[in-house]
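Trainee: I have a model open and want to learn how to read it. Can we go feature by feature?

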Amino acid sequence: MYFGKRKGYLAYPFLASAILFASATIWAQDAPQQATEPQTQTETQTQPPQQRTEVLRQAQQRVRARRKLRVQQIIQDTYSHQFETYFGGGYLRFRPGSSLQKNSESDWNVGITDYVRGKLGVTADFRGYYGTTNTNINQFQIFSPSISQYTFMAGPQARFFEGQHWTWSGFVLAGVGHGNFGTGTGGLPPTFIGLYPDGNSLNVTAGVSLDYNLGPGLAVRLTPNYLLSRYGSDTQNNLGFNAGIVYRFGRQKKK
């Protein structure tokens, strides 16, 4: 019995030695892998600055190129439409009689443009102006009659700038207008209180339209303009503006 215990005690050192040997072998196999990772990180960190700068520059160039192509496509989609129709309202300063002061008129405005060739189009424009004028002291006791004018004009329009968000164009239109100056006089001839007589007139307008694009087919437009009219053998030089919405549709034919 005693001899068996002695054999057991002698086995313990051999068992401990085997465990230590196995642990050393596993550690030796893992050590090269652990040493490789810091080496890889060191190589990345020691990459030449010129090479990193070149990689970054090339990436930025690719981003700019993609952005440029995207903007060019938006511009193409926006300004290749054949037609533009617009509507809105505005304001005009108008002299209703040769001896009267200018009065303020509000208006509605609607029109359509056919771009027959690239940036060059033909526009048809309709407007209605409404206001109340102040007359001189008179025996008829009519001091604030209402007046109105209506115009139909047509002519060329051309775009001068086509951008992703903004565009501006210019136009010169001519046509005929009709003035109603006796609508608020109760049947009294308007000339009796200093107003121009009812009748037709030559109308010419010129202006610049500034558009802000909400999308390829939709924009908001502001148009300062000059309007010349001829009532009562006088020439009226009128200044005002229109503002409204532009809707684009159709496609120009490719040549």
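Trainee: Which residue stands opposite Ile 112 in β3?

Mentor: Start with the general idea. Strands of a sheet pair through backbone hydrogen bonds, either parallel or antiparallel. Here Ile 112 stands opposite Ala 124 in β3. Strand labels come from DSSP runs: strands are E with at least two residues, helices are H or I with at least four, and both are numbered from the N terminus. Two strands pair if DSSP finds at least two bridges between them. Strand β2 (residues 103-117) and β3 are joined by 11 bridges and run antiparallel.

Trainee: Before I go on, where do the coordinates come from, and how are residues numbered?

Mentor: This is a predicted model, in which local features need pLDDT of at least 70, side-chain atom pairs count only at pLDDT 80 or more, and totals for chains, interfaces and linings use all residues. Residues are numbered from 1 along each chain as its sequence is written, and side-chain values use heavy atoms, with hydrogens and water left out.

Trainee: How many residues lie between β2 and β3 in their hairpin?

Mentor: There are 2 residues between them. Look at Gly 118 in that turn: its phi is positive, about 60 degrees.

Trainee: What does β3 do with β4?

Mentor: Strand β3 (residues 120-132) pairs with strand β4 (residues 146-162) in the antiparallel sense, over 13 bridges. Check two partners by eye. Thr 132 is bridged to Ser 146 in β4. Asp 125 has Met 153 as its bridge partner in β4.

Trainee: And how is β4 joined to β5?

Mentor: By 12 bridges, with the two strands antiparallel. A hairpin of 3 residues connects β4 to β5. Gln 149 stands opposite Gly 179 in β5. From there, β5 pairs with β6 over 14 bridges, again in the antiparallel sense. Ala 174 has Val 204 as its bridge partner in β6.

Trainee: What do the 8 strands close into?

Mentor: A barrel, in the order β1-β2-β3-β4-β5-β6-β7-β8, with antiparallel pairing. Neighbouring strands of this sheet are turned by 25 degrees against each other on average, direction ignored. Axes are lines fitted to C-alpha atoms, for helices over the stretch in contact, and angles run from 0 to 180 degrees between N-to-C directions.

Trainee: Which strands does helix α2 lie across?

Mentor: Helix α2 (residues 49-79) lies across β4, β5 (166-180), β6 (199-215) and β8 (234-249). The helix runs at about 140 degrees to β4. Read along the sequence, the pattern is α-α-β-β-β-β-β-β-β-β.

Trainee: Is Gly 179 buried or exposed?

Mentor: Buried means under 20% relative accessible area, exposed over 50%, and partly exposed in between (1.4 Å probe, protein chains only). Gly 179 is at 0%, so it counts as buried. Contact means heavy atoms within 4.5 Å. Gly 179 touches Ser 148, Gln 149, Asp 198, Gly 199 and Tyr 231, not counting residues up to four places away in sequence.

Trainee: What about Ser 229?

Mentor: Ser 229 lies in strand β7 (residues 218-231). Its relative accessible area is 2%, so Ser 229 is buried. A polar contact is a pair of N or O atoms within 3.5 Å; within protein, one must be able to donate a hydrogen and the other to accept it, and residues adjacent in sequence count only if both atoms are side-chain atoms. The side chains of Ser 229 and Asn 238 make one, at 3.4 Å. Among the residues that Ser 229 touches is Phe 94.

Trainee: How many aromatic pairs does the structure hold?

Mentor: It holds 12. Rings of Phe, Tyr and Trp (its six-membered ring) pair if their centres lie within 6.5 Å; planes under 30 degrees apart count as stacked, over 60 as edge-to-face and the rest as tilted. Phe 94 and Phe 181 are stacked, 6.1 Å centre to centre with 10 degrees between the planes. Phe 94 lies in strand β1 (residues 83-94) and Phe 181 in the loop between β5 and β6, so the pair ties together parts 87 residues apart in sequence. Phe 94 is buried at 1%, and Phe 181 is buried at 0%. Ring pairs link Phe 94, Phe 181, Tyr 196 and Tyr 231 into a cluster.
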